Structures are given as C-alpha cells and as structure tokens.
Amino acid sequence: MVETPHWTDEAILQCIKGVTAERENALRYIVQRSNWREPVHHFILQNGGDAEIAKDIFQETLVIFDRNLRAGKFEGKSALSTYFMSIAKRRWWKLAVQRKVHEPFDPKIHDEQVESAEDILLSREKKEYFAKTTGQIGKNCKEILRLRYLDYSYDEIAQILQLSSSHMAKKEAYRCRLRLRELIEATPFLKNLFK
C-alpha cells in the first residue's frame, strides 16, 4: 500500500483515480486523519440534525465524492474540501426537505418520533443478523456485495477480485444477491425480521 507523506488536493485526486490500494489509502486519510469531518458535523448539528445523521451524511458524502472524482465531475474550481462540504450540504438539505426539519417544533410530534430502546435494539439486531447472513453466502459473495454497496463499478470489482471481465463481476453480483435473498426467504425468522 502506497503511503503519501503530504495529502495535497492533487495527491488525493490522483490516488482516488488510481489503483484500488491508492484509492483506499486516500479515502482512509479523509475518514481518519483529515479535518473534513468536523465542518460537516458542525453544519448538520447547527441546522437541526443530530450526531447520528451527521455521521450518515459524512459517509454518504464520501461515497458520492469518490464516485464524482472517478467520473471526472470535479472541475477543479475549488479546493477538494470545499467540494466535499458542498456535497454534504446538498445531501443534508435533501434529507431535511424529506424529513421536514424546518417545520416549527411540536413536542407532541417529537415525542412520538423518538426511537424507543426497543426500536434501537431491533435495529442493532437486524444489523447483526444481516452480517451473519451475508457470512453464510461465502466470502467472495460478501466482498462483491460490500463493494457494490460502496459503489464500485463492475470493472473495478473484476480487477479487485481477479475476475475475467466486468460482465463476469455483474453476473457474480446477481448470483450473490439471489443467494442472499434465497437464504432470507428460506428462514422464517429472517424473512420476518427483514420485512
């Protein structure tokens, strides 16, 4: 894995457009060591969001940022951190409109929408069972589905998993989704849990 000593905008851009190891190294830098997370969290908290939503928006922004850079959508008219922040703001406002965040605060509505401890536990339980279930479809399938979730192209998946072509990666992803669906359908408990 290539370690870049000084992460300039140019270095980040080149690494994200580069080979998988460089790309992952750049994304890891953004997540773990850059100061890009704090402004996103601050903006969302200041505009009616909470820490959990801020975390989700940061992750969604990272995926979109990565995809846009690889697709050549970044025109270089601003710093990468500014571009990243603009994506985060758009994601937040889109979510805010959906959630109608800017409506007047009504305690009755708010109290009804607060997640109970049971809801939180159920959500965690679903995540745990989903992780166990994907573990049963095989290591290769689990990796393919993970990469698709992270918005990797079929060409990139074929390269990472050393498949013969992007068509083969697409075919394998389809088979893996079918296998996962069959496993869930065949287990009444999982079927009810993931309704």
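For my residue classes, I count Ala, Val, Leu, Ile, Met, Phe, Trp, Tyr, Cys and Pro as nonpolar, Asp, Glu, Lys and Arg as charged, and the others, Gly among them, as polar. I'm working from a predicted model.

**Entry: second largest pocket**

I looked up its volume and got about 640 Å³. Its lining has 17 residues, and Gln59, Leu62, Val63, Tyr149 and Leu150 lie nearest the centre. Sorted by class, the lining comes out as eight charged, seven nonpolar and two polar.

**Entry: helix 8 against helix 10**

Next I checked how helix 8 packs on helix 10 (residues 166–186): the angle is about 105 degrees and the axes are 9 Å apart. An angle of 65 to 115 degrees counts as roughly perpendicular, so I call helix 8 and helix 10 roughly perpendicular to each other. From helix 8, Cys141, Ile144, Leu145 and Arg148 meet Glu172, Ala173, Cys176, Arg177, Arg179 and Leu180 of helix 10. I find six nonpolar and four charged residues in this contact, and no polar ones.

**Entry: helix 1 against helix 2**

Then I went to helix 1 (residues 9–17), whose axis comes within 6 Å of that of helix 2, crossing at roughly 135 degrees. The two helices are therefore oblique to each other. I logged the crossing as left-handed. On the helix 1 side I have Ile12, Cys15 and Ile16, which meet Glu22, Arg23, Ala26, Leu27, Tyr29 and Ile30 in helix 2. Here the classes are seven nonpolar, two charged and no polar residues.

Terms used
Residues are numbered from 1 along each chain as its sequence is written. This is a predicted model: local features need pLDDT of at least 70, side-chain atom pairs count only at pLDDT 80 or more; totals for chains, interfaces and linings use all residues. Side-chain values use heavy atoms; hydrogens and water are left out. On a 1 Å grid over the protein atoms alone, a cavity is a set of points where a 1.4 Å probe fits but cannot get out, and a pocket is an open set with protein on both sides within 12 Å along at least five of seven lines; lining residues have an atom within 4 Å of a point. Grid points are joined across faces, edges and corners, and a volume is the space filled by probe spheres set on the points. Axes are lines fitted to C-alpha atoms, for helices over the stretch in contact, and angles run from 0 to 180 degrees between N-to-C directions. Helices (H or I, at least four residues) and strands (E, at least two) are DSSP runs, numbered from the N terminus. Angles under 35 degrees count as roughly parallel, over 145 as roughly antiparallel, 65 to 115 as roughly perpendicular and the rest as oblique. Contact means heavy atoms within 4.5 Å. A crossing is left-handed if the near helix is turned anticlockwise from the far one by less than a right angle, and right-handed if clockwise.
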